[in-house]
Amino acid sequence: MTSYVLFLLLGLGAGSVYSLLGLGMVLKYRSTGVVDFAQGAIAMWGAYVFLRLRLTGKLELPWFALPHEISLGTGMAIVPALLITLVYGTVLGLVVFFLVYRPLLRAAPLTKVCASVGVTLFFEAVAVLNFGTTATSAPPVLPSKAFVISGVVIPGDRIWIAGIVVAIAVALTVTFRYTRFGLATRAGAENEMGAALIGLSATRIAARNWVLATLLATLSGVLITPISSLDPTSYTLFVVPALGAVLIGRFESFWITTAAGLGLGIVQSELVKLQTVFTWLPQQGLSDGVPFLIILVTMSLAAKRLGARGATGTLRNPSLGRPTRPGATALLAFAVGVVVLVALHGSLRAAFMASIVTVCLALGLVVLTGYVGQVSLAQMSFAGFGAFVLSHLGHSVGMPFFLALLISALSAVPLGILMGLPALRVRGVNLAVVTLAAAAAMDALVFSSVKFTGGLGGRKIGSPELFGLDLGIAKGNSYPRVVFGVMLLVVVIGAGYCVARLRTSATGRMLVAVRSNERAASAVGIRVAPVKLYVFALSAFLSGLGGGLLAYEQSSVSSSTFTAQASLSLLALVYVAGVGRIAGAVVAGIMFASDGLFVSFLDKTLHVGQYQTVVAGIALALTAIQNPDGVASNMAGERGPGPRVAALRDRIIPRRHRPVVLDVPGQDGAFVEDVAGPTPVSRA
Amino acid sequence: MGQLLEVTDLRVTYGGVVAVDDVSLHVAEGEVVGLIGPNGAGKSSFIDGLTGYLPRRGGHVEFEGRSLDGLATYAVARRGLVRTFQSVELFDDLTVEENLLVAAERPRLVTMLRDLVLPSRPEGVDDVAWARMLCELDDVAHRYPQELSHGQRKLVGVARALAQRPRLVLMDEPAAGLDTEESLAFGRRLRSLPGHGVSVLLVDHDMGLVLSVCDRIVVIDFGKVIASGTPEEIRADEAVIAAYLGGVDARH
Ligand SMILES: Nc1ncnc2c1ncn2[C@@H]1O[C@H](COP(=O)(O)OP(=O)(O)OP(=O)(O)O)[C@@H](O)[C@H]1O
Ligand SMILES: [Mg+2]
């Protein structure tokens, strides 16, 4: 019994961190409407700053070029180091707010999410450059003297940290309820006028909240390092359970968020204990996975109580494209693709292939987020599932590749439908968080299975074959082979063609109708729930297909490719590229994908090399600020290259003269003449 | 002649506020019935309660002799009882034509799967063309809703309802935003609907329109029926004049 209590108390450590991060996220959300996925990365950075001050007396700047350290003498005591770190956190909060989030205050929630992913990538990458990837452990900050209460030895630091968290939650609650600042924040969350009426500038209130939240993140970083060793990536993942706590607190309540965060930590810790008691329990990933399952299930069941700002349908929709002449465009794309494949060699050709694969993954989001306005942060989990299924199919030699791909893509469909279930109840940013929890659960529970994923080493993939013909990316010394690229082009352009035609079909109209207005959709007899499940299934199919292609392209798959973070990055780059149109998927794959053609080209010519991720993070945040509607939507505008490409296409592949049904405005719509004036038949 | 729609003691509340207080109303096959009342009388709430957009706190609705109790909104529409919205609510990402098509088509799962590989040509084009013609939307078929005037958008809403070939349309202020001329033309077309097998329940503030096209008019105020009868009877009704017509005059 006593050991259960011990594990309960041990869980307070992680739980406190979830609570602290969660409190900061609630602050940010209430004041600016940003769900800040970068909160964990900021905590990580704060932890490094504090640690370096204590150990070496150097102040770390969030930059990678020299000089990024300012020496303030030798190692410091806890108090001065903490004070400096907190001042640092204040400045950091202000800078990030005014550089990134201030310009985005009125942007769509997903645009803000993309910017925060950019910020996450930036800090992670700079930390990797400056501090390396190996984990560091830190000296204790809080008194760790153990208490002994009725025979149970209680680690003192956990009690301290939990006490601090509760104190902060109380302070925040009181501040928000009784001070002018709190009142103004609450009023500002309702509408900007509200804050103005109280006589405070909305921006200033948002900035103050932001700084406060940044300080909380920094503090959680400082407090957690002695308990959990520090490295650049694992801290950023703390946002997932923290977001779970925030969700349970409905993006609003400090109290519930704190309790939920602590609770999650305790549940995780007790699960570790249970694993040792009940050895039949899965030994891998249980403590990481179960909390997410809890979030997933409660959120799917907790009907429509979620009423926080941005909770109901405020996911402003990105602009939609309208494919014209998909057949001709597909042929042209194929021709251009083959030329590029042949023209490029070596690493650039491989990068082009990686781009094509990303286009396929991106198509899944175009359908889901673009056409129907749903969000999923689990796309890479679907892809991973497909990829691993493919790896298990590899044994049956002689199976044509398209059959293998089809099976792996279909295998992701049930997962997609499962993911669609919460979407029937929660929307917008809440849905994003729920799907992220699902991705984290997949990471922990499915992708940790050595049997399924081959553990750290991953699994080998056989070459794709077609009737005895080897279409693999490598054969003997030749790599990457053009024939593999052609296979990729056929599959992905085929998928894109189908998606384009779907858009203008009866089903496509229904999808867009649901995205535009669910109320009105049901008034014309559309049943919304199956439509959503359908699009989640389709999106999972495309992701599974992309996963299968990715597996072929890399010749082996490992679970590290399909993390929740990878899904987050994918959504960010597709969204920024323009999620409402197929061109956006192409831009995402060719221009933005970190292993894609454009980035590799930059790497080769400008030798950005190790700085690539830093640049990518900055670019992502900047692009989000510059093009809240997606890059491809600008291209499709009057002056961009879009019309020129269309004109070129029309010259190469002339438009056949046939009645054009439902064409874009301004083009010849023979439809009107075709069916004008039929005699209406009475049904009575 | 059997009743198409039979509403008995319908009750709709917002928290403690009773918006529709035991209203009974019926529409016979081929009728155009007006439902009028001052602002806030409960007309929109009546339609919401009828079609399942708001929960019914009491009462019973029968359509074509079958109960509508417990039916979801989409299912009500599929039964042939279709509504328009006072706040228009078009699909802004679809053209006018597509707005009508999406209402006429209602693809089933088989179609949804086939559209993935071999998209079908639009179904229901006849219904769409008919609805478009009735509402005189041919000129704007390929425009987006946001490019249209308010009056035209309302007409698109009506056309979208008609494209479903309903048995009964509940129109919530369809003529708001039309000028007198347009309103007259709209009234003539509305009058022709019963000939096509479509009955109408018309909610509108345009008294000229309502009095000229309706076979029968029901007047509500504060959620209660205060009068019902032919246009002539309503015109002469003391209670209506007191509660409503006088109010209109005062407002203008
Ligand atoms: N969402 C709501 N919450 C609370 N009360 C409401 C709500 N909607 C309407 N009401 C109240 O219900 C009553 C009926 O409103 P309703 O919109 O049905 O009237 P109406 O007859 O359609 O008016 P109008 O001619 O202005 O459209 C009014 O008193 C209104 O204030
Ligand atoms: Mg109304």
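Helix 1 of chain B (residues 43-51) gives the shell around ligand 1 its largest share, three residues; helices here are DSSP runs of H or I, at least four residues long. This is a predicted model, where local features need pLDDT of at least 70 and side-chain atom pairs count only at pLDDT 80 or more, while totals for chains, interfaces and linings use all residues. Residues are numbered from 1 along each chain as its sequence is written, chains are lettered from A and ligands numbered from 1 in the order written, and side-chain values use heavy atoms, leaving out hydrogens and water.

**View 1. Who surrounds ligand 1.** The shell includes Tyr14(B), Lys43(B), Glu173(B) and His205(B), with near meaning a heavy atom within 4 Å.

View 2. An N or O atom in the Ser45(B) side chain sits 2.5 Å from a ligand 1 oxygen. For Asn39(B), a polar side-chain atom is 2.9 Å from an oxygen of ligand 1, and a polar backbone atom of Ala41(B) is 3.2 Å from one. Polar contacts are N or O pairs within 3.5 Å; within protein, one atom must be able to donate a hydrogen and the other to accept it, and residues adjacent in sequence count only if both atoms are side-chain atoms.

**View 3. Where chain A meets chain B.** Chain A brings 43 residues to the contact and chain B 49 (heavy atoms within 4.5 Å). Four salt bridges link the chains, each a Lys or Arg side-chain nitrogen within 4 Å of an Asp or Glu carboxyl oxygen. One of them pairs Glu105(B) with Arg509(A), closest N and O atoms 2.5 Å apart.

Notes
Helices (H or I, at least four residues) and strands (E, at least two) are DSSP runs, numbered from the N terminus.
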